[in-house]
Amino acid sequence: MAKNLLIVESPAKAKTIEKILGSNFEVKSCYGHIRDLEKDDMGIDVKNNFRPRYIVPEEKRKVVNDLKQLAKKSGEVWLATDEDREGEAISWHLCEVLGLNPATTKRIVFHEITKPAIQKAVGNPRTVDMNLVNAQQARRVLDRIVGFELSPVLWRKISMKNNLSAGRVQSVAVRLIAEREREINAFTPQSSFKVEATFTALDITGKQVSFKAEGTRFSKAADAEQFLKSCLKANYKVNDIQVKPTRRSPAAPFTTSTLQQEASRKLGYGVSRTMLLAQKLYESGQITYMRTDSVNLSETAMEDIEKTITSSYGSKYHKARRYKNKNESAQEAHEAIRPTYMSNTSVSDAETRRLYELIWKRTMASQMADAELEKTIAKIGISTNKAELTAQGEVLKFDGFIKVYREDLDDEDLDGDEAGQEGMLPPLKVGQELSFKEMKAIERFTRALPRYTEASLVKKLEELGIGRPSTYAPTISTIQKRGYVEKRDKEGIQRSYSVFTLNNDTITKKTETENTGAEKAKLFPTDLGLVVTDFLKQYFDDIMDYSFTARIEEEFDHVAQGKVVWSKMINDFYNPFKKDVENTIETAERIRGERELGIEPGTGKPVVARMGRYGPMVQIGVSESEEKPRFAKLKQGQSIETISLEDAMDLFRLPLTLGEYEGQEVSVNTGRFGPYIKYGEQFISLPKGLEPLDVDLEKAKELIGDKQVADAPIGQFEGLPVTKGKGRFGPFIKWNNLFINVPRAYNFDSLSQKDLDELIQKKVEKEANRFIQQWPSEKISIENGRWGPFIRFGKKMLKLGKATNGEKLSAEELSTISLEDVKKMIELQVPGAFTKKAAAKKTASKKAAPKKSPGKKTATKKSPKK
C-alpha cells in the first residue's frame with residue numbers, strides 16, 4: 001500500500017517529523033498559505049454574504065501541483081499545519097485545493113515536535129475545525145475590506161507620492177506611537193530637590209562602611225537650602241528600626257508577547273527577529289509552539305521541570321505553580337512557550353542559543369520557590385530640626401528562583417531615582433549615634449513617559465486587547481515599511497541642575513550638567529504617520545478607537561467558539577463603515593498637515609512647514625503670488641510639529657558655497673539621494689551622519705581627496721580607463737559609462753586586469769544581446785530579459801502578445817514585428833497609452849482660462865485609480 005502523506009507548513013518541520021514517523025509516512029511542506037484573496041475588487045463578493053474569492057498565487061502553483069501529484073499516489077492524506085487559526089485555515093485550503101473532504105480528512109495538532117507528542121497526535125486525529133477557519137476568514141476579510149476601502153481615501157485626500165495604506169490594527173498602533181510623541185512634546189519638566197545624607201557605621205566585620213538615607217523632597221531651591229541650613233551642627237541618631245520579611249515570586253512562563261518583551265530587554269532583539277529565531281527552535285523540536293497567549297504548562301512538562309530543579313538545586317528550590325491567563329480568550333494554544341526537554345540546558349546552534357537559554361531559565365524559574373528577603377527600614381532623627389531621614393536596605397535570605405532567572409523591567413516601569421537597587425545596611429541599633437559625612441539637596445526633574453520600543457508597544461497592544469500573538473510582529477514591521485513609524489536612536493541634550501552640599505558645617509552651591517533625553521531603538525512617528533493618524537481619527541473614529549478594535553478581536557473569538565456567524569459579524573461592521581468611506585470621499589478636504597512657523601525676515605513672506613509630495617518640507621511664499629515659492633526638505637529627526645522658524649530658515653542656506661579648490665567652486669547641498677558636495681561638475685555624497693551645514697572647506701577638500709583616490713583608474717579596457725566604487729546595489733566597476741556589478745566570486749579589493757577584462761566583456765556581450773528592436777523616439781523597445789523577451793514602454797515592463805496561432809512569437813518574428821503591432825500590445829495592457837498625450841496638449845492650451853472647482857477636477861483625475 002502507498003505511503004501516508006502528511007502535510008506540514010515548513011520544510012524544517014517536515015524533516016524533523018519524518019524522522020519521528022518513519023517509513024510509513026512521507027512528510028511534505030506546503031510552505032505556509034497556498035491560497036490568498038484575489039486582488040481585483042477586494043477578492044470579496046460583498047453582495048453574496050462577503051464570500052471570499054481565493055486564488056493560488058503564481059509562486060505557489062508548483063508547490064500545489066507537486067502536492068496534488070503526491071496526494072493521488074498516497075494511501076491517505078493527513079494535515080498537520082500549525083495549531084492556531086492560521087494553521088487551521090491552511091488545512092482547509094489544502095482540502096479545497098487537493099479535493100479532500102474537510103469533514104473526514106485526518107487533521108492532527110501538537111504543541112511540541114517530540115516523538116511522544118507526534119505519536120499521540122497520530123493516534124488521536126480530528127477533522128478540520130470550521131469555526132477556527134471561519135474566525136481566520138473573518139479577520140482576513142475584514143482587514144481586506146478596511147485596507148481596500150480606506151487606502152484609496154488616503155490617496156485622494158493626502159498629497160503624497162507614497163502608496164499610502166491603512167489597516168485595522170496597524171493604524172491603531174501608529175495612533176499609540178503618535179499620541180505618545182505628542183505627550184512628550186507637550187511635557188514640561190518640573191524640578192524638585194531630593195535630600196540625601198551619607199553616614200558611616202561599622203559593619204559585621206568591624207569595618208567602617210558608608211550608607212545613604214533620604215529626606216523629604218522640596219519643590220523650591222530656597223526651601224531645600226533652608227533645610228540644609230537647619231541641619232548645621234546637628235547630631236544624628238537612629239530613632240527606629242523595622243525589619244520586615246518579604247518574598248518575591250517568579251514570573252509566569254513565556255507567552256508570545258512576554259517572550260518578545262523580555263528578548264528585547266535582555267537580548268536587544270527586535271520583535272521580528274525574536275519570532276524568526278523562536279520559529280527555528282520550534283521547527284527543530286527544541287521548544288513548544290511559539291504563537292500562544294497561554295501561561296499553562298502540561299503535567300508532563302511540570303514533572304520534567306520538577307525533576308530538573310530537584311536534581312540541580314535540591315527539593316527546597318522547587319514549588320509547583322499553576323498560572324492563570326489574564327486573557328480570558330487564550331485558547332488557541334494550550335501551553336506556554338517552554339523547552340521540549342528541560343534536560344537540554346542549551347542548544348548547539350549559535351544563532352538561536354541565547355533565545356533558547358532565556359526560555360529555559362524562565363520556564364525553570366516559574367516552578368521554583370519564592371526568593372526570601374529581609375527588608376530593613378531605619379528612621380534617623382536630626383537633632384536641630386526634629387526631621388527624620390529614612391535608610392532602607394535588603395538582605396537576601398534565600399535566593400529561590402533568583403538563582404536561575406529574574407525578569408527585567410521596561411523604562412516606563414522604573415520611577416527615576418527610585419529605580420536604583422536597594423543595598424545592604426550595616427547593623428544598626430535604636431539610639432545609636434551616627435557619624436555624618438555630608439548631606440546634599442540635588443535638583444531632579446520629572447520625566448515624560450518614554451517612547452515605545454517594539455516590545456513595549458506589543459505590551460500596550462496586548463493590554464488594550466488589540467491583535468493576537470500572530471499579529472504583533474507583522475503589524476510592527478508593516479508600520480515601519482509604510483513610512484509611518486521609524487525605529488531610531490535619539491541623542492541626549494545637556495541640562496544644568498543645582499546641587500546644595502552641607503559638609504563640615506558649610507553649605508556650598510554648584511551647578512552641574514547631565515545628559516538627558518537620550519533614547520535607543522525607540523519608535524518615532526514620522527510626519528506622514530502623524531498626518532495620516534489625524535485624518536483617520538477625524539473621519540473614521542470607530543476604526544481608530546482602542547475599545548472598538550479590541551471588541552472586534554472579541555467578536556473573532558466568538559466566531560472561533562461557534563457563537564457567531566462570521567458573515568453576519570462582517571455585515572454589521574461593513575454597512576456603517578462603507579457610509580463613512582463614501583461620506584469622507586464626498587466631503588473631506590485634502591489634507592496637507594500644515595503648520596505656520598512665522599514670517600521670513602527681510603521679505604515678510606509666510607513660512608509654513610507642511611507635507612509635500614515627497615515628504616515633510618518647509619515652504620516660503622505662496623503659490624498664488626507671481627514669485628514662485630521656495631521649498632526645502634526637512635532633515636532626519638526634524639518634524640513639522642516641532643521645527644522652529646530659526647531651524648527652518650537654516651534649511652534655506654543651501655546650496656552653500658564654501659570657496660574654491662584647485663580653480664573649481666566647492667559647494668554643499670542636499671538632493672533626492674541625500675546631502676552632497678559639488679566640486680565643479682562632480683557630486684560627492686556626504687558620509688552618513690554628516691550634515692551639509694557642518695562641512696567647511698577643509699572638510700570638503702578631505703572628502704574630495706578621498707573620492708579622487710577611490711575614483712582613480714584601476715586598469716584599462718580597449719584604451720579606456722576602468723574605475724571602481726560601491727553603490728546602492730553593491731560594488732561595481734565603471735567603463736565607458738557602463739556600470740558593471742562585481743559578483744562575490746571576485747575579490748573586489750584586488751581586481752586583476754584579467755578580472756576586469758572578463759567582467760567588461762560579459763557586460764558588453766549582454767548589452768549587445770539585450771535589444772531585439774528599439775524605437776528610442778517612442779521610448780519603446782523589445783528586450784531580452786531573464787524570463788524571456790518583453791516590451792519596455794518608458795519605465796514599464798510589459799508582456800508580449802502571441803502569434804496568430806496562439807503560440808509565443810519566435811525570435812525571428814520579434815526582430816521584424818512592426819511598431820504599430822507593438823503599440824497594439826501596449827494598448828491592451830495600458831489603455832489610453834497613446835491617447836493621453838493628445839489630451840494633455842489640449843488641457844495645456846487652456847491653462848490661461850480661470851480655474852473652475854479645483855476640488856472636483858482633482859477628484860475626477862484620481863477616480864480611475866479606484
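The legends below describe an overview and several close-up views of one predicted protein model.

**Figure 1. Overview of the predicted model and its confidence.** Residues are numbered from 1 along each chain as its sequence is written, and side-chain values use heavy atoms, with hydrogens and water left out. Because this is a predicted model, local features need pLDDT of at least 70 and side-chain atom pairs count only at pLDDT 80 or more, while totals for chains, interfaces and linings use all residues. Here pLDDT is the predictor's confidence in each residue, from 0 to 100; its mean over the protein is 87, and 93% of the residues reach 70 or more. Over residues 416–421 the pLDDT is below 50, and this stretch has six contacts in the model beyond near neighbours in sequence, a contact being heavy atoms within 4.5 Å. Residues 837–866 also stay under 50 in pLDDT, and for them the model has six contacts beyond four places in sequence. The secondary structure comes to 24 helices and 34 strands, which are DSSP runs numbered from the N terminus, helices being H or I with at least four residues and strands E with at least two. Taken along the principal axes, the C-alpha atoms fill a box of roughly 110 × 90 × 65 Å. Of the 866 residues, 44% count as buried, where buried means under 20% relative accessible area, exposed over 50%, and partly exposed in between, using a 1.4 Å probe and protein chains only.

Figure 2. Helix α2 (residues 61–73) has 13 residues and reaches 19 Å from its first C-alpha to its last, close to the 18 Å expected at 1.5 Å a residue; the expected span is 1.5 Å times one less than the number of residues. Its buried residues are Val 63, Val 64, Leu 67, Leu 70 and Ala 71. These residues lie on the same side of α2, because they cover an arc of only 125° around the axis, the arc being that of the directions from the helix axis to the C-beta atoms. The face turned away from this buried side carries the exposed residues Lys 62, Lys 72 and Lys 73. What covers the buried residues of α2 includes β1 (4–8), β2 (25–29), β7 (76–79) and α3 (85–98).

**Figure 3. Two pairs of aromatic rings.** Rings of Phe, Tyr and Trp (its six-membered ring) pair if their centres lie within 6.5 Å, and planes under 30 degrees apart count as stacked, over 60 as edge-to-face and the rest as tilted. By this rule the count comes to 21 aromatic pairs. The rings of Phe 535 and Tyr 539 have centres 4.9 Å apart and planes at 45°, so this pair is tilted. Being four residues apart in helix α14 (residues 527–539), Phe 535 and Tyr 539 are separated by about one helical turn. Phe 535 is buried at 1% relative accessibility, whereas Tyr 539 is partly exposed at 23%. The rings of Phe 717 and Trp 735 have centres 5.1 Å apart and planes at 85°, so this pair is edge-to-face. This pair links distant parts of the chain, with Phe 717 in strand β27 (residues 715–717) and Trp 735, 18 residues apart from it, in strand β29 (residues 730–735). Both Phe 717 and Trp 735 are buried.

**Figure 4. A ring cluster and two charges over rings.** Ring pairs link Phe 199, Phe 211, Tyr 236 and Phe 436 into a cluster. A charge sits over a ring if NZ of Lys or CZ of Arg is within 6 Å of the ring centre and within 35 degrees of the ring normal. Arg 273 lies over the face of Tyr 269, at 4.6 Å from the ring centre, and the charged end of Arg 488 sits over the ring of Phe 524, 3.9 Å from its centre.

**Figure 5. Backbone details in three loops.** The peptide bond from Leu 654 to Pro 655 is cis, with omega near -5°, and Pro 655 lies in the loop between α18 (645–651) and β23 (656–661). Met 42, in the loop between β3 (36–37) and β4 (44–45), has a positive phi of about 70° although it is not a glycine; at 8% relative accessibility, Met 42 counts as buried. Asn 49, in the loop between β4 and β5 (51–52), has a positive phi near 55°, and at 54% relative accessibility Asn 49 counts as exposed.
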